[in-house]
Amino acid sequence: MPEQAEATRATILVVDDNEANRSLARNALEDEGYRVVLAASGEEGVAAFEREHPDCVLLDVRMPGMDGFTACERIRALPGGDRAPILFLTALRDVDTFDRALRAGGSDFITKPVRPTELIVRIQTALQLWRVSAELRQHYDLLRHQRDDLLRLQLQKERLMAFVVHDLKNPVNSMDLNAQVLLRDKTLSEGSRGAAMQVRTEARQLARMILNLLDISKADEGKLAPRHAELDPQAMVSEILAELDVAAKSRKVTLRSTVEPGSVRVDPDLFRRTLANLVENAIRYAPAETAVTVTFTRAGGDIEVRIADAGRGILPELREKVFDPFVQGDAAGDAGMAPGGRGLGLTFCRLAVEAHAGRIWVEDASPGAVFCVRLPHGL
Ligand SMILES: Nc1ncnc2c1ncn2[C@@H]1O[C@H](COP(=O)(O)OP(=O)(O)OP(=O)(O)O)[C@@H](O)[C@H]1O
Ligand SMILES: [Mg+2]
């Protein structure tokens, strides 16, 4: 008895109405160490399959009563009926028989008269193939589960994003508006005025983070397309600096700008928020009594904006990484600022700049960092 068959000792169900064929198959298979179960009709074969859970079935096609094709279909319909290869034994070697065998759920077919060696080789091959395809099926099922989980996560993320837009953006904007209403009240005490200004700064910071998050998610889905419009960079830079003035003053940081005149065509919202994120970072890391400068120049078809501070700068090994999501340096530089963000500001900037077919990078100013944005000016 060969070792390999002994080790596995697979069970083979032989279904044939002809006694001589059954014994021939039994002798050949038992000689190879297989366990053999015999059935003399289609009906008996289906019952034996249910009872014995064989590893392989040899099924005669032409039998009185239930023929091999029907028996095969019945077996395949049983619970666990797809767990074994089924090989048809047939005297008819033609395409129709082959097609019917496959349609019924058969794995292969062997033409009679069957030679014992051929029978053994075909069964071994069928068992091997079956094992491999079972493994593949398992891998496939695993992959399908993982894909379904990912899809579920993606849908949850989309729901969360919808929540962020509708339920967070509006109240944050209304906080800012209400603080502005308070500030119009001339009788407000100095302390309350300071508090209202602080509410405005923080509401704006929150709004900026919410919009960053939204645009990052849009870019992930390939939906962050810039909507170009002509604008005056001088006015835009002044507006950004005015908005961040309170934050800068509370850090004792001076804001300066030099802007080359002339209009540009970019997405006004994405461009303004890119610069606002960079200036806000610069203010956060600039030491007291230093300046943050915004320089806007043109070179050929491009515009270049440089935002420089005299803070701790960015370590060389982090100069690419800081643009990745959720990357934050140590919190030392944040002291005194309104509650810090989540490391999404620069990620948004890079996506917004790339959506304009531009480039963003950081240089070393020893001391400090210079964040540089270069884009086609679109005119
Ligand atoms: N001008 C700067 N000087 C020194 N470090 C900086 C500067 N700008 C950014 N960084 C570093 O890069 C990190 C990532 O910046 P990014 O703007 O993406 O996130 P954040 O400011 O921490 O949070 P968010 O912008 O989401 O509110 C910061 O945490 C900080 O460590
Ligand atoms: Mg930031």
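Residues are numbered from 1 along each chain as its sequence is written, while chains are lettered from A and ligands numbered from 1 in the order in which they are written. Local features need pLDDT of at least 70 in this predicted model, side-chain atom pairs count only at pLDDT 80 or more, and totals for chains, interfaces and linings use all residues.

**Cores**

A nonpolar core here is a set of buried Ala, Val, Leu, Ile, Met, Phe, Trp, Tyr and Cys residues joined through C-beta atoms within 7 Å. Buried means 20 or more other C-beta atoms within 10 Å of a residue's own; exposed means 12 or fewer; partly exposed lies in between; C-beta atoms are placed from the backbone.

The largest core holds 41 residues. Val279, Ala282, Ile283, Val292 and Ile307 have the most contacts inside it. The elements giving two or more residues to this core include α8 (233-243), α10 (268-285), β9 (291-299) and β10 (302-308). Helices (H or I, at least four residues) and strands (E, at least two) are DSSP runs, numbered from the N terminus. The most residues come from α10, which gives 9. Apart from this core lies another, of 31 residues, among them Leu29, Ala48, Leu58 and Leu89.

Contact means that two C-beta atoms, placed from the backbone, lie within 7 Å. Leaving aside neighbours within four places in sequence, Val279 is in contact with Ile240, Leu244, Val292, Val294 and Ile307.

**Backbone exceptions**

Most residues other than glycine have a negative phi, and most peptide bonds are trans.

Phe326 is exposed, with 8 other C-beta atoms within 10 Å. Ala357 also counts as exposed, with 10 C-beta neighbours inside 10 Å.

**Ala291**

Ala291 sits in strand β9. This alanine is partly exposed, because 14 other C-beta atoms lie within 10 Å. Ala291 and Val253 are 38 residues apart in sequence, yet 5.5 Å apart in space, C-alpha to C-alpha. Neighbours within four places in sequence aside, Ala291 is in contact with Val253, Thr254 and Arg256.
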